[in-house]
Every structure is written in C-alpha cells, then in structure tokens.
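Here is a short briefing to read alongside the sequence and the coordinates. Have a look at the structure first, then follow the points below.

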There are 2 protein chains.
Amino acid sequence: VIALHPLVTLGEILPGDDLARLLAEAIRTAGWLPERNDVLMVTQKIVSKAEGRFVELAGVTPSARAIELAAVTRKDARFVELVLAESTAVVRTAPDVLITRHRLGHVMANSGIDRSNLGPGDQERVLLLPVDPDASAQHLRAGLREYWPEPPAVVISDSFGRPWRLGVINVAIGACGLPALIDRRGETDRNGRRLEVTQVALGDMIASAGGLLTGEGAEGVPAVLVRGLRWAAEDRPAAALVRPLDQDLFR
Amino acid sequence: VIALHPLVTLGEILPGDDLARLLAEAIRTAGWLPERNDVLMVTQKIVSKAEGRFVELAGVTPSARAIELAAVTRKDARFVELVLAESTAVVRTAPDVLITRHRLGHVMANSGIDRSNLGPGDQERVLLLPVDPDASAQHLRAGLREYWPEPPAVVISDSFGRPWRLGVINVAIGACGLPALIDRRGETDRNGRRLEVTQVALGDMIASAGGLLTGEGAEGVPAVLVRGLRWAAEDRPAAALVRPLDQDLFR
C-alpha cells in the first residue's frame with residue numbers, strides 16, 4: 001500500500017525562508033514520523049520562492065531575438081527574454097507556444113518560468129526554476145536531517161506538457177535520496193527474455209502521484225509525503241531523467 | 001490523503017476470462033468495499049490477455065515495408081508487420097527504435113505490442129493493445145456494477161517512453177467513470193489571471209501513481225485500487241488525452 005499525504009500548513013513561502021524548517025514543522029503538524037523510504041514531494045514553486053527566484057519584468061530589456069519570438073508566440077517580449085536566458089535552445093514556437101530546452105536539459109514550455117498565481121499584486125513578477133533543483137533537493141534533505149536521522153527522500157516536481165498528449169502531468173526536476181531513474185538494463189523477465197522496458201522513471205511517477213494532490217491553481221497543495229515505496233537501485237538525481245542530446249530522436 | 005492498494009490475487013489471466021468477476025473477487029479478498037470516487041487502475045496487459053489479443057508470430061507474413069523497417073530497427077519483420085498493422089503512421093525509426101502513431105492516436109513504441117513476459121513458452125507470441133481500451137474500461141465498469149451499485153471508475157494503463165526524458169512512465173489508454181482530461185480553460189487563478197495551465201491529464205497521473213505498484217517485469221502487480229481522489233469535471237475517456245493531429249507541433 002502506498003499513501004500520499006498532503007502538507008497543507010506551510011503558508012505563503014517567501015524569499016529566504018528556511019524551507020526545511022517549515023516543511024519539518026508541517027510534517028510534525030501532520031503527525032508524521034518519517035520512516036525509511038518515505039518521500040517528500042515538493043512543488044518547484046515553493047522551492048523557487050524560498051530561493052528568491054523572482055524577476056521583475058519591468059527590469060528586463062528584451063533582445064531583438066526576444067522581440068521577434070514574442071511576435072510569433074504572442075507573449076511579452078520581456079518574458080520571452082527571460083525564457084531565452086534560461087534555455088540552451090528553442091525547440092518549437094507557435095502562437096501561445098514557446099517550447100525550449102532549459103539549461104538543465106528539460107524540454108518544457110517557457111523554460112519553466114511561471115507567471116500565474118504568484119500572489120496578490122505580482123502581475124509583473126515571474127518565477128524562474130531553481131538554479132539547480134537537484135542541489136536544492138540535496139540541500140532540503142540535509143536540512144531535514146537536523147530533525148530526523150533518516151529524513152525522507154526529496155522530489156521536486158513541476159508540471160510539463162507533452163508533445164502528443166493533452167494536459168499537463170507532473171515530472172521530477174530535482175531529487176535526492178532515491179533513484180529518480182531505475183536502470184534495469186541487462187535484467188531478464190521470468191521467461192529469461194531480455195526486458196524490453198529497461199529504464200523506469202521513478203522520480204517522474206512519484207511526481208505525478210503527488211500531482212494528484214498538488215493540483216493546479218488556487219487550491220494547490222505545495223508538498224506531499226509519500227509512504228510505502230520500495231526501491232533497490234542506488235540514488236540518482238533528476239538530471240538522470242533528461243535524455244542525452246545524442247539520444248534525442250526529435251531534434 | 002490518497003491510498004493506493006495493490007490487487008495481488010488475480011492469478012494468470014487467460015483469453016475469455018471474465019475480468020470484472022476476477023477483479024471483483026480480488027477486491028473482496030482485499031477487504032475493500034468500493035466507495036464513491038474510488039478508481040480501479042488495471043494494466044493493459046491483463047485487459048489484452050482477457051480479450052485474447054495474442055498473435056502467433058509464426059502466422060504473420062511480413063510486407064516489403066515491414067522487412068525494410070525490420071532491417072532499420074533490428075526487429076523481427078513479422079513483429080514489425082503487426083506494429084504497422086496497428087498504426088496509422090511511423091513517427092521515428094532507428095536501431096532498436098520503432099515509434100508509431102497507434103490507430104487509437106497514441107504515439108508509442110511498437111504500437112504498444114508487447115513481446116516480453118507473456119508466460120512460459122510464449123517466445124513467439126505477442127500481445128496487442130485492446131481493440132478499444134475506452135470501451136474495455138466501460139465494459140469492465142459495467143461488469144463491476146453487478147457487484148456494487150457504485151463501482152470504481154476504471155483506468156487502463158500502459159507504460160510509455162517519452163521523447164526527451166529517459167525511463168517509462170504509465171499513462172492512461174482507457175478510462176471510464178472519471179475525467180481522464182480535466183479542462184479548466186476559461187478559469188482564473190486567485191489573482192484573476194487567466195490560468196496558464198488549463199488542461200490536466202488526470203488519467204495519466206492516476207496511471208503513473210498506480211505504476212508505482214504495478215512496476216515492470218516479473219513481479220508486476222496487475223491492478224491497483226486508488227482511494228481519496230476528488231474531481232468535479234465530467235467524465236471523459238482516455239481518447240481525450242490524445243492531442244489532435246492539427247495541434248501536433250512535432251509532425
């Protein structure tokens with residue numbers, strides 16, 4: 001049995017907040033004592049907020065390239081400038097669509113930059129992804145170790161669109177303390193046949209499971225505790241989930 | 001709180017089996033009384049097996065096109081013939097890679113045809129997707145209604161690779177009794193800003209949550225009960241998750 005528990009007592013997260021302390025308090029308020037193999041899934045949004053990854057659009061001067069892409073995508077040129085600055089490549093553009101390869105490797109809309117739902121009066125402020133979400137997950141887990149000797153593993157989630165399917169799902173952009181990608185290459189099934197599915201995106205599936213509670217929009221839950229998982233593989237960060245460019249079939 | 005309960009007492013599923021009856025027995029054995037908004041996630045594999053979607057490779061004669069693609073992909077030409085017969089388009093080929101648009105619209109490896117793990121002595125037998133997984137889900141739910149007036153919603157899952165991410169995740173290929181896709185277009189966030197994320201792939205996230213238990217390979221759990229979900233949107237089948245061709249940015 002796997003149980004997903006929402007943490008709802010965090011309050012609004014502000015730049016500089018000690019997220020580990022706030023999450024530890026929320027975990028205690030929920031009456032939880034972390035056990036081995038527990039996972040704490042936190043949304044990218046609260047990690048970015050605690051890390052102060054806000055940018056005021058008023059201070060951004062768009063480049064010629066940003067102005068050009070803003071016309072194609074019908075987006076604010078200052079916003080497009082930030083999207084470009086956070087990316088290594090533009091993957092697709094269309095009206096209302098700007099898909100980039102984020103500097104971390106993730107192919108995603110708007111380099112993961114968030115405009116909606118940032119708090120009252122924040123119409124002109126946007127929120128970037130954490131600088132290094134795997135490092136953020138490590139940092140968060142290290143902070144939780146001050147409260148419990150065996151702190152939960154950490155998954156930082158974000159919602160992604162997909163090329164051939166409608167609707168967003170959650171994926172893992174940061175992870176610590178678990179194998180975000182399980183590699184079973186070389187294993188065989190019970191008939192001795194080589195497994196056709198050899199890599200399982202555990203981090204992404206945990207993120208999607210947590211996404212059933214974090215949802216989208218005003219009532220979003222910012223963090224979820226997951227209990228009941230088992231894994232044998234060694235820890236791998238979320239960076240392992242990014243398909244290397246030389247294996248990309250869709251460039 | 002959301003709870004995921006594995007159903008482990010199903011045994012080997014055979015063509016012609018009454019899957020609703022077998023699942024109802026497994027649900028009772030697990031001591032569950034279905035409640036409103038419960039979801040039963042079942043793997044594609046057991047639905048296909050019950051529907052007898054096996055094909056003997058020995059009886060397949062590959063076309064010239066299949067032989068050509070078999071050379072490129074290093075796959076059995078008879079297998080490739082079946083993949084082509086189940087698809088409307090070949091999306092990408094490479095050594096060990098054959099990605100198609102399944103006749104149901106899903107872009108996936110090998111048209112979802114499974115070679116591994118079909119049971120002892122089945123080396124030359126493959127398993128196709130159900131003819132119409134949304135109809136399979138409806139049929140299954142109708143069968144469960146004979147046991148409980150409010151049967152669980154049904155999600156039929158399969159594991160998919162992704163273009164830019166490593167590892168498979170589970171997605172929904174069939175659904176009944178819940179909104180596989182939640183459409184929030186037109187809604188606003190708490191600041192009155194139009195939501196940027198307007199469609200949520202609930203069916204896919206339920207499938208991935210269940211995938212934490214069904215796993216891959218020999219010890220796979222074939223079905224999972226999910227309790228604790230809430231939804232307000234009206235029912236939509238898994239077909240709603242397929243991005244229409246005219247919205248496909250990657251053709």
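In β6(A), A:M108 is the bridge partner of A:T100. Please keep in mind that this is a predicted model. The points below start from the strands, move on to the helices packed on them, and end with the cysteines.

**Strands**

- Strand β5 of chain A, residues 97-102, is joined to β6(A) by 3 bridges, and the two run antiparallel.
- In chain A, 3 strands make up an open sheet with antiparallel pairing, and their order is β4-β5-β6.
- The edges of this sheet are β4 (87-94) and β6 (107-109) of chain A; each has a single partner strand, so one side of each lacks a neighbour in the sheet.
- From one strand to the next, the twist averages 25°.

**Helices on the sheet**

- Helix α3 of chain A (residues 64-73) packs on the sheet, where it touches β4 and β5 of chain A. The direction of α3 makes about 30° with that of β4(A).
- Helix α4 of chain A (residues 77-85) also packs on the sheet and touches β4 and β5 of chain A. For α4, the angle between its direction and that of β4(A) is about 135°.

**Cysteines**

- How many disulfides does the structure hold over all chains? The count is 0.
- A:C176 has a relative accessible area of 16%, so this residue is buried, the cut-off being under 20%.
- B:C176 counts as buried too, because its relative accessibility is 15%.

Methods. Residues numbered from 1 in each chain as written. Chains lettered and ligands numbered in written order. Predicted model: local features only at pLDDT ≥ 70, side-chain atom pairs only at ≥ 80, totals over all residues. Heavy atoms only, no water. Disulfide = S-S within 2.5 Å. Buried < 20%, exposed > 50% of the residue type's maximum accessible area, 1.4 Å probe, protein only. Pairing = 2+ DSSP bridges. Helix = DSSP H or I, 4+ residues; strand = E, 2+ residues; numbered from the N terminus. Axes fitted to C-alpha atoms, helices over the stretch in contact; angles between N-to-C directions. Contact = heavy atoms within 4.5 Å.
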